[in-house]
Amino acid sequence: MTIVRRASDLIGNTPLLELARTGTGTRLLLKLDHLNPTGSCKVRMARQMIDEAELDGRLRPGGHIVEPTSGNTGNGLALVALERGYRFTAVVDHHAAREKLRMLRALGAELVFVDCPPDGGVSSVQRRRVAARIAAETGAYHPDQHNHPGNGNGYTGLARELLGQLGDVDVLVAAIGTGGSLCGTARALRAAGAATHAVAVEPVGSIIFGGAPGIYHQTGAGSPAGFPIGDNVDRSVIGEAHRVSDSDAFAGARVVARRTGVLVGGTTGGAIHVALRRLYAYPAGSVVVVLCNDAGEKYLDSVYDDEWLRARGVLDELAHRRMHGWFATYAESVRVATRDRAVRRTPVAVAVGG
């Protein structure tokens, strides 16, 4: 047993879980990065942003950090701040999962709320504006996760882990918001010699890759209308992009929970939906990895609650059945391939006439 002295020393070395495989030998693996401290991969980049700020003198002992957040980045910053003696202010709205907000308070963060838009959408633009104002008025350090290079740099360790666990990653699939986890990991994989194909997944209604803006209930991914796309969305490393509806994303998370007992967040459910739907699109024998960036326990009152979904019109039984159907199809393809290989190996008896 390894004994550490700080919770942040437990970051990394998260396991892989095989979710599905095909008869052609392609495997779909989940990188369970939600098993990091604070229940999210975002703690990796939160620590990196603070490390870099300390190195270049933007953050000094006893300093103050302020950042707009939907919860996960904030919780990562709150953890590192309390370990290193910083004050942390999170600018949030009530669109965030209640469990994330409660965790922020439990970790000692100060919460500043902004109003959600009257149409029910997220208030990313307003959160960012308020955080910038607080930083200007108080001299607090504002990392700006959408543009801070430490965001992407924070996933170099994740890339090293994947290569150590698998040797290579053919396809990397993840929900995209700030862009740090997908682009940072893919960039580090390629720098190490892998020819990884990166697949970005955003909610329907997000405007990162174009398309009509709209309301969506997936938190921590996508960008709403009017929100400037940050530098950490590195299109040069993204091979393809897909949009996924709330119904399909939430069904993805719920079906995985029922089949494996692993609870992931709604945006991870969207990434799993895309990866599972497209598993046959990749060459035989491919290693496909989905980054599980967020723990589902934060969404027991939303993604995993039937009444919450019904109230928003996103409980879709057909989407659930479709997911189960894909699992059944891939399992059958493995059974058929196994039978065919056995037949080919069986000697054929030849009758000899007398």
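Visitor: Is Arg 187 buried, exposed or partly exposed?
Guide: Arg 187 counts as partly exposed, because its relative accessibility is 33%, where buried means under 20% relative accessible area, exposed means over 50% and partly exposed lies in between, with a 1.4 Å probe and protein chains only. Please keep in mind that this is a predicted model, in which local features need pLDDT of at least 70 and side-chain atom pairs count only at pLDDT 80 or more, while totals for chains, interfaces and linings use all residues. Residues are numbered from 1 along each chain as its sequence is written, and side-chain values use heavy atoms, with hydrogens and water left out.

Visitor: OK, and which residue does Arg 187 form a salt bridge with?
Guide: Arg 187 pairs with Asp 234, and their closest N and O atoms are 2.8 Å apart; a salt bridge here is a side-chain nitrogen of Lys or Arg within 4 Å of a carboxyl oxygen of Asp or Glu. The two residues are 47 apart in the chain, with Arg 187 in helix H7 and Asp 234 in the loop between strand E7 and strand E8, where helices (H or I, at least four residues) and strands (E, at least two) are DSSP runs numbered from the N terminus. Asp 234 counts as buried, because its relative accessibility is 19%.

Visitor: How many salt bridges are there by this rule?
Guide: The count comes to 23 salt bridges. One of them joins the side chains of Arg 254 and Asp 306, at 2.6 Å from N to O, and this pair links helix H8 with helix H10, 52 residues apart. Arg 254 is buried at 12%, whereas Asp 306 is partly exposed at 32%.

Visitor: Which residues are linked in a network?
Guide: Lys 31, Asp 33, Arg 44 and Glu 161 are linked in a network of salt bridges.

Visitor: Switching topic, how many aromatic pairs are there?
Guide: There are 2 aromatic pairs, counted when rings of Phe, Tyr and Trp (its six-membered ring) have centres within 6.5 Å, with planes under 30 degrees apart called stacked, over 60 edge-to-face and the rest tilted. Phe 250 and Trp 308 are edge-to-face, because their planes stand at 65 degrees, with ring centres 6.1 Å apart. Phe 250 lies in helix H8 and Trp 308 in helix H10, so the pair ties together parts 58 residues apart in sequence.

Visitor: And Tyr 280, what does it pair with?
Guide: Tyr 280 forms an edge-to-face pair with Tyr 330, at 5.1 Å centre to centre and 70 degrees between the planes. Tyr 280 is partly exposed at 42%, while Tyr 330 counts as buried at 4%.
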